Amino acid sequence: MYQPRRIARSGHVPVRTLNYHVLRWGPDSLQAAAQPPLVLMHGWMDVAASFQFVVDAFGEAFVQGRPIIAADWRGFGLTEGPSQDHYWFPDYLADLDFLLDQIAPGQPVDLLGHSMGGNVVMLYAGARPERIRRLINLEGFGLPATRPEQAPARHATWMDELKQFHRGDMALKTYADADGVARRLMKTNPRLPEDKAQWLARQWARPITQGPNQGAWEILGDAAHKIVNAQLYRVDEVRAAYAAITAPVLVVEASDTQMEQWWQGRYSLAEFHERLQAVPGLRREVIQDAAHMLHHDQPAQLAALIEDFLSN
């Protein structure tokens with residue numbers, strides 16, 4: 001099994017009504033650090049520990065020079081709080097705002113997000129530009145444009161899916177053991193080596209300790225995340241948020257990105273690139289021989305890009 005080079009320090013931080021789980025590497029305090037914190041925010045159905053491979057690939061001076069902090073979003077990983085039956089995207093922005101106030105009060109940070117987390121950090125940087133020194137978006141493409149006339153059907157779908165959730169029809173699959181979780185991870189991402197899959201499976205899931213499924217392994221993600229967002233995705237608002245960003249921005253794509261496959265003609269990479277024209281100070285890079293989970297596929301390539309971008 002994969003053995004981390006740098007052991008994370010695990011803890012919790014109060015955020016609104018939640019206790020956010022965070023992992024920390026590097027100096028224990030801001031005062032002991034020569035550089036601002038680097039905050040890492042994961043994607044949908046992922047966890048903070050997913051960044052371990054990249055942290056291990058960073059140079060020693062980079063890690064020793066700054067606090068590195070990864071957090072589990074609400075409803076994922078080991079973040080604790082009241083149960084929910086749906087999730088509103090603005091809550092992620094507010095959670096991030098409260099989290100940064102806790103871990104880096106009054107200090108701009110370097111902020112990185114992957115996938116869903118990349119979408120969140122881009123919107124957040126437009127709303128709170130003074131909080132961000134450098135911004136990194138890994139495969140956070142946003143969503144297809146919507147039209148106002150889609151709203152009634154979207155609301156109906158949202159209500160229908162809420163009922164499905166409460167009937168138990170949207171429950172996440174369980175696995176017989178950690179090996180089953182690892183095989184699932186490797187099926188989703190064929191580039192993921194078995195040693196990393198075995199380690200990540202034990203961060204991404206845990207055994208059920210009571211009830212009829214006792215002993216099976218469950219993913220550390222809330223099934224309510226599967227419910228469609230009741231709000232339409234308004235591209236004009238997204239462009240306005242992008243235009244309000246003042247920090248230098250690095251957007252990183254995978255050479256084998258699966259974006260156009262996901263959306264099947266509803267949203268293209270070219271359209272995403274057109275939206276990025278609203279972002280001032282933008283730099284785009286492509287990680288070779290990688291798919292959507294590029295921080296698993298090519299952690300050394302990605303770590304080198306991050307170090308270069310944050311040093312300039």
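## A chat about strands and helices

Reader: How many bridges join strand 3 to strand 5?
Author: Strand 3 (residues 38-41) is joined to strand 5 by four bridges, and the two run parallel. Strands here are DSSP E runs of at least two residues, and helices are H or I runs of at least four, both numbered from the N terminus. One spot to look at: L40 stands opposite L112 of strand 5.

Reader: Before I go on, where do these numbers come from?
Author: The model is predicted, so local features need pLDDT of at least 70 and side-chain atom pairs count only at pLDDT 80 or more, while totals for chains, interfaces and linings use all residues. Residues are numbered from 1 along each chain as its sequence is written, and side-chain values use heavy atoms, with hydrogens and water left out.

Reader: OK, back to strand 5. What else does strand 5 pair with?
Author: Strand 6 (residues 132-138), in the parallel sense, over six bridges. Two strands pair if DSSP finds at least two bridges between them. In strand 6, L135 is the bridge partner of L111.

Reader: And is strand 5 buried or exposed?
Author: Six of the six residues of strand 5 (residues 109-114) are buried, so the rest of the structure largely encloses it. Buried means under 20% relative accessible area, exposed over 50%, and partly exposed in between (1.4 Å probe, protein chains only). On one side V109, L111 and G113 are buried, and on the other D110, L112 and H114 are too.

Reader: Which strands are in the open sheet of eight, and in what order?
Author: The order is 1-2-4-3-5-6-10-11, with mixed pairing. Strand 1 (9-15) and strand 11 (282-287) stand at the edges with a single partner strand each, so one side of each has no neighbour in the sheet. From one strand to the next, the twist averages 25°. Strand 3 is also joined to strand 4 (residues 68-71), by four parallel bridges, and there L40 stands opposite A70.

Reader: Which strands does helix 4 touch?
Author: Helix 4 packs on the sheet and touches strand 3, strand 5, strand 6 and strand 10 (249-254); its direction makes about 140° with that of strand 5. Contact means heavy atoms within 4.5 Å. Angles run from 0 to 180 degrees between N-to-C directions, using axes fitted to C-alpha atoms, for helices over the stretch in contact. Helix 4 is also part of a β-α-β unit with strand 5 and strand 6.

Reader: What hand is that β-α-β unit?
Author: Right-handed. That is, with the strands pointing away from you, the path from the first strand over the helix to the second runs clockwise.

Reader: New topic: which residues of helix 8 are buried?
Author: In helix 8 (residues 235-243), V235, V238, A241 and Y242 are. Looking down the axis of helix 8, these buried residues fall within an arc of 115°, so they line one face of the helix. The arc is taken from the directions from the helix axis to the C-beta atoms. Their cover includes helix 4 (116-127) and helix 10 (269-276).

Reader: At what angle do helix 8 and helix 10 pack?
Author: At about 50°, with their axes 9 Å apart. Helix 8 and helix 10 are therefore oblique to each other. Under 35 degrees counts as roughly parallel, over 145 as roughly antiparallel, 65 to 115 as roughly perpendicular, and the rest as oblique. V235, R239 and Y242 in helix 8 meet F272, E274, R275 and L276 in helix 10.
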